[in-house]
Amino acid sequence: MTSASVSKIYCPSLTEYKRRLSREVKIGDLPMGGLNPIRVQSMTTVDTMDTMGSVEQTLRMVEAGCEYVRITAPSVKEAQNLLEIKKELRKRGCTVPLIADIHFTPNAAELAARIVEKVRVNPGNYADKKKFDVIEYTDASYAAEVDRIRERFRPLVQICKQYGTAMRIGTNHGSLSDRILSRYGDTPLGMVESALEFLRLCEEENYYDVVLSMKASNTQVMVQAYRLLVQKLDAEGLQPYPLHLGVTEAGEAEDGRIKSAVGIGTLLEDGIGDTVRVSLTEAPEAEAPVARALIDRYTHRAAEAKPIRPLGEELVISNEELIMNRNESSDRNSSLLITNYSLPIDPFQYHRRPTREVGNLGGQNVPRVMVDISALDTVEYADLRAVGHLYSAFLDKFQMNDLGADYVYSGQRPVPFMLPNGLKEVVDYSAWLDAGSRPDHFPVLTQAEYALNAPRHPELNFVFHNLDSLTPAALDQLRNDHTAVVILYTDNAHAMPEIRRAFFELMNNGVTNPVIINRQFPALTPEQTQLYAATDVGGLLLDGLGDGVVLSTELLPARPKAEWLQTLDQLNQLSFGILQAARTRMSKTEYISCPSCGRTLFDLQETTAMIRKRTDHLKGVKIGIMGCIVNGPGEMADADYGYVGVGKGKIALYRGQDVIKKSVPEAQAVDELIELMREDGKWIEPMVLEEPVGA
């Protein structure tokens, strides 16, 4: 079978939910990949030399839903103690497969591979080095360096093969070696090539029990790298290895969950991924339920989804056909998709969809946030706090915080007072007409209303569309209307791909009107809404699609006003959180904090909370908080500043990737970090809107 447009093919189908069929890999008694369910895993945070502490935490993790448990082995002594941990777990009847996490020490990996069910190695620091040196290589010198590293890696491959131990080749964006950086740069391609160097040796040794990962804290880089990896495996005729999904250093609480869902969920939507680890700066028991919530959304997706209009001649192959064809294929992994279409986006590199500017939407404007307040019977000044606009009765004025919505949709009940500067109002078309077509109101029209060419606002009009309504006539009308902004929605369970397909329809027909993505989550818990919205909207934003977001809950039953305001506040913050996690609008401080492990040299949760308390008003500043040097300057490659544990009670402070202060006492480190920002002109004092007592 042949494949056209192969350079952009990275998943079984862009319009039908279909899991990528990977090779099955045995990990103890719990196989991964193939037709097996997507697995959940996490990593212990207890010192590996604390046998009983590691055992107790592992048991709690298994109880929380972990199917694999990873434990750090930074040196030979920790690798040896994995045996004691495993013995105690088996004694207690726990058979969970264990994974040894290795950095820098081949000797520890070779010992651990004889003990546990799987080892994880990082190509960036396994027999390679990272000193942030730029090295000029000739082709010959580069090849010689690759051969040297492969020879150092070969014994581990042979041991794994002998003992039936699986391996994860886990590339991290922040820890690419100087050699890879010098040739490929800090890019998704560099991440992929770093893993493929090791993978090719595995195949030379006829060792195939391999899992691959392409982790990054930057969700755009992470998604692009996984997609490129899948495409490269197919292009080179390599085995379709299972993929471990994760966003490194996602952070804590809401931000960590949103960021994880944007990265992991985007790939799951396209059927990519065989195991998930959500990296939160929280106890590892808290990670498994989030991973499970992301995975469970796809358990019945294929049955629940409605058919989506395909892209040209897109043919989806069943798993049975994939298995048959791969078994019969002489090259083991021939392309199994027949396609005859051209994607209007590059799935391996971020490009924002070109749009005309309408008002403050589209063009070079950041994506905007709209909040649906139409369920409120009445709106008062104080209610706008829920959309980020704070009213002071004492000063009789509004103050917009960094999470202040750009638009409110009030439906049939326009707000009865003048809105603050920076906030615009959208009303139903009939309400706009009834109110005398006010210039400070912007109408939203149904498809039928828009088709009539009735009176419009001279500057800005919104129109609801879904994929089915984008007929040739509707596309022509939009193309010629320089005042129209599309609010794009779907009721398909396979929501993100259908909205993406609608974007493709606009792009392929030369329609450049801005688009606001509308997702409705009427019957979900707040936790589900958070993860699902981050996946559906974030996945589109990562592909450069979308000029705004509105999350709707209008189908919920009647509730007290206070509960509605709380929900609106949550949705407003969620909208801004998704835009930030997708790197399309930075509206608050970003914390790139690792999830802790046995190498951590301070309490990550406590320290992250302390740093957040002092710095969370610094809009757009990125702060890396790393528990040890392994997850230090490399892993926080995107951060403006870094706070890294280098010893018991000792902290190193970084500006970018450069260490500025070494061995700062932990008690003084946050003050020293703030002083460093002050020196750079990045520090501002937090503002507080004060209300006098009794106001």
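I began with R559, which lies over the face of W564, at 4.5 Å from the ring centre. I count a charge as over a ring if NZ of Lys or CZ of Arg is within 6 Å of the ring centre and within 35 degrees of the ring normal. R297 sits over the face of Y532 in the model, at 4.2 Å from the ring centre.

I noted that this is a predicted model, where local features need pLDDT of at least 70, side-chain atom pairs count only at pLDDT 80 or more, and totals for chains, interfaces and linings use all residues. Residues are numbered from 1 along each chain as its sequence is written, and side-chain values use heavy atoms, with hydrogens and water left out.

Next I looked up aromatic pairs (Phe, Tyr and Trp rings, the six-membered one for Trp, with centres within 6.5 Å; planes under 30 degrees apart are stacked, over 60 edge-to-face, the rest tilted). The count came to 13. Y407 and F462 pair edge-to-face, at 5.7 Å centre to centre and 80 degrees between the planes. Y407 lies in strand β12 (residues 407-411) and F462 in strand β15 (residues 461-465), so this pair ties together parts 55 residues apart in sequence. Strands here are DSSP runs of E, at least two residues; helices are runs of H or I, at least four; both are numbered from the N terminus. Both Y407 and F462 are buried (under 20% relative accessible area; exposed is over 50%, partly exposed in between; 1.4 Å probe, protein chains only).

I then checked Y429 and W432, which are stacked, at 6.0 Å centre to centre and 25 degrees between the planes. Both lie in helix α12 (residues 429-434), three residues apart.
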